[in-house]
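User: I am new to this structure and want to know what the labels rest on. Please take them one at a time.

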Amino acid sequence: MRSTEEIVESLREALAGVGVVLPSLCVDPVTAASEEPFALVDLGRCNVRTAEHLTDVLRSLPVGEALRARVRQLNREGRCMS
C-alpha cells in the first residue's frame, strides 16, 4: 500500500499533467497524526482561474457507468482508487 504522501504526490503529478496546480495540496496534518487508518488529503485553496480550469478538465473526462460502478465498489470496500 502506498503512503499518503505518495498518493498526494501522485495526485499532484496527475493534476499537473492536465495543467492544474493546487498550491496548497497536502496531507491534512490533524488526521495524519491521528489513529484514523486513512489520513485526509487537503486539496487546499486555489484561485478562480484554477477552479475554472479544474472544472473544465473534469467535465471533459468521459465518465461512464463502468467508472461509476468501480467507484461505488471501492467505496463499499472502504478503499480509495489508485
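Analyst: One definition is needed at the start: helices (H or I, at least four residues) and strands (E, at least two) are DSSP runs, numbered from the N terminus. Thr 31 is found in one such run, helix α2 (residues 29-32). The model is predicted, so local features need pLDDT of at least 70 and side-chain atom pairs count only at pLDDT 80 or more, while totals for chains, interfaces and linings use all residues. Residues are numbered from 1 along each chain as its sequence is written, and side-chain values use heavy atoms, with hydrogens and water left out.

User: What makes up the secondary structure of the chain, and in what order do the elements run from the N terminus on?

Analyst: The chain has four helices and two strands. Their order is α-β-α-β-α-α. The C-alpha trace spans about 35 × 30 × 15 Å along its principal axes.

User: Why is Thr 31 called buried?

Analyst: Buried means under 20% relative accessible area, exposed means over 50%, and partly exposed is in between (1.4 Å probe, protein chains only). Thr 31 has a relative accessible area of 15%, and is therefore buried. Of the 82 residues of the chain, 15% count as buried.

User: Which residues is Thr 31 in contact with, leaving aside its neighbours within four places in sequence?

Analyst: They are Ala 39 and Leu 40. Contact means heavy atoms within 4.5 Å. Across the chain, 33% of the contacts between residues at least 6 apart in sequence join residues at least 24 apart.

User: How do you know that the span of helix α1 agrees with what it should be?

Analyst: The expected span of a helix is 1.5 Å times one less than its number of residues. Helix α1 (residues 4-17) has 14 residues and should span 20 Å; the C-alpha atoms at its ends are 20 Å apart, so the two values agree. Just after α1, Gly 19 takes a positive phi of about 80°.

User: What span does helix α4 reach, and what is expected?

Analyst: Helix α4 (residues 65-77) has 13 residues and reaches 18 Å from its first C-alpha to its last, close to the expected 18 Å.

User: What makes Glu 9 and Arg 12 a salt bridge?

Analyst: A salt bridge is a side-chain nitrogen of Lys or Arg within 4 Å of a carboxyl oxygen of Asp or Glu. The closest N and O atoms of Glu 9 and Arg 12 are 3.2 Å apart, so the pair meets the cut-off. Both residues lie in helix α1, three residues apart, about one turn of the helix. Glu 9 has a relative accessible area of 35% and is partly exposed; Arg 12, at 31%, is partly exposed too.

User: How many salt bridges does a search of the whole structure find?

Analyst: The search finds two.

User: Which residues make the nonpolar surface patch?

Analyst: Leu 58, Leu 61, Val 63, Leu 67 and Val 71 make a patch of about 390 Å². Patches are made of residues with over 30% relative accessible area and no salt bridge, joining like charges within 9 Å and nonpolar side chains (Val, Leu, Ile, Met, Phe, Trp, Tyr) within 5 Å. Leu 58 belongs to helix α3 (residues 48-60).

User: What does the accessible surface of the chain come to?

Analyst: The total is about 6500 Å², of which 57% belongs to carbon and sulfur atoms. Accessible areas come from the Shrake-Rupley method with a 1.4 Å probe, and for residues only the protein chains shown count as cover.
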